[in-house]
Amino acid sequence: MAEKWYEGLSDDAFKSEIDKIYEEAEAKIREGLARGLDFDSACAGIEAEDKELKKNIIDDMLKVLIAEEHFSKGISLDAMARNLNISLERLESAKLDMLEDVKNESIKAFYKSLPKGND
C-alpha cells in the first residue's frame with residue numbers, strides 16, 4: 001500500500017503554536033496540582049512570553065477545572081477553593097465567565113445554523 005503524505009508527521013504537526021502552548025501549560029498545571037501545589041504555584045511555571053496569553057491560559061484552566069470538578073464530579077466551589085488555595089470569589093467569577101462564554105457561543109451557533117436569506 002502506498003504511503004500517505006501525512007505518515008511520519010508528528011502528532012502535533014497540524015496544531016497551531018497557541019494550541020501547543022496551551023497543551024504544555026495544561027500538562028504543567030495538572031502535574032503541579034498532582035504534586036500538591038496550590039493553583040497559583042502550579043501556574044507559576046507556565047512558559048508564555050505574552051502576558052495576556054499567560055493570563056488567558058490560567059483563566060481557561062480554572063474554567064476547565066470547574067467543569068471537571070464542580071459540574072462533572074459535584075465538588076462544591078468551597079471545597080475547590082480550599083483544595084486550590086484560591087478565593088471562593090475567584091472561582092465564582094470564573095464560573096460566571098464560563099457560563100457567559102457558553103451562552104455567547106450557543107447564540108453564535110444558533111445564528112450560524114439559520115438558513116441564509118435570498119438576497
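This is a predicted model: local features need pLDDT of at least 70, side-chain atom pairs count only at pLDDT 80 or more; totals for chains, interfaces and linings use all residues.
Me: OK, which residues of α4 are buried?
Reply: Leu77, Ala79, Met80, Ala81 and Leu84 are the buried residues of α4.

Me: And what covers them?
Reply: The cover over the buried residues of α4 includes α1, α2, α3 and α5.

Me: Now the largest nonpolar core. Which residues touch the most other members?
Reply: Ile29, Phe39, Ile46, Leu62, Met80, Leu84 and Leu91 do, in a core of 22 residues. At least two core residues come from each of α1 (17-34), α2 (39-43), α3 (51-72), α4 (77-84) and α5.

Me: Which helix gives the most to this core?
Reply: α3 does, with 7 residues.

Me: Take Leu62. What does it touch, leaving out residues up to four places away in sequence?
Reply: Leu62 touches Phe39, Leu84, Ile86, Arg90, Leu91 and Ala94.

Me: Different topic: the surface. Which residues form a nonpolar patch there?
Reply: Ile107, Phe110, Tyr111 and Leu114 form one, and together they have about 410 Å² of accessible area.

Me: Where is Leu114 found?
Reply: Leu114 is in the segment after α5 (88-113).

Me: Why does Leu114 count as partly exposed?
Reply: Because its relative accessibility is 35%, and partly exposed lies between the buried limit of under 20% and the exposed limit of over 50%.

Methods. Residues are numbered from 1 along each chain as its sequence is written. Side-chain values use heavy atoms; hydrogens and water are left out. Patches are made of residues with over 30% relative accessible area and no salt bridge: like charges are joined within 9 Å, nonpolar side chains (Val, Leu, Ile, Met, Phe, Trp, Tyr) within 5 Å. Accessible areas come from the Shrake-Rupley method with a 1.4 Å probe; for residues, only the protein chains shown count as cover. A salt bridge is a side-chain nitrogen of Lys or Arg within 4 Å of a carboxyl oxygen of Asp or Glu. Helices (H or I, at least four residues) and strands (E, at least two) are DSSP runs, numbered from the N terminus. Buried means under 20% relative accessible area, exposed over 50%, partly exposed in between (1.4 Å probe, protein chains only). A nonpolar core is a set of buried Ala, Val, Leu, Ile, Met, Phe, Trp, Tyr and Cys residues joined through side-chain atoms within 4.5 Å. Contact means heavy atoms within 4.5 Å.
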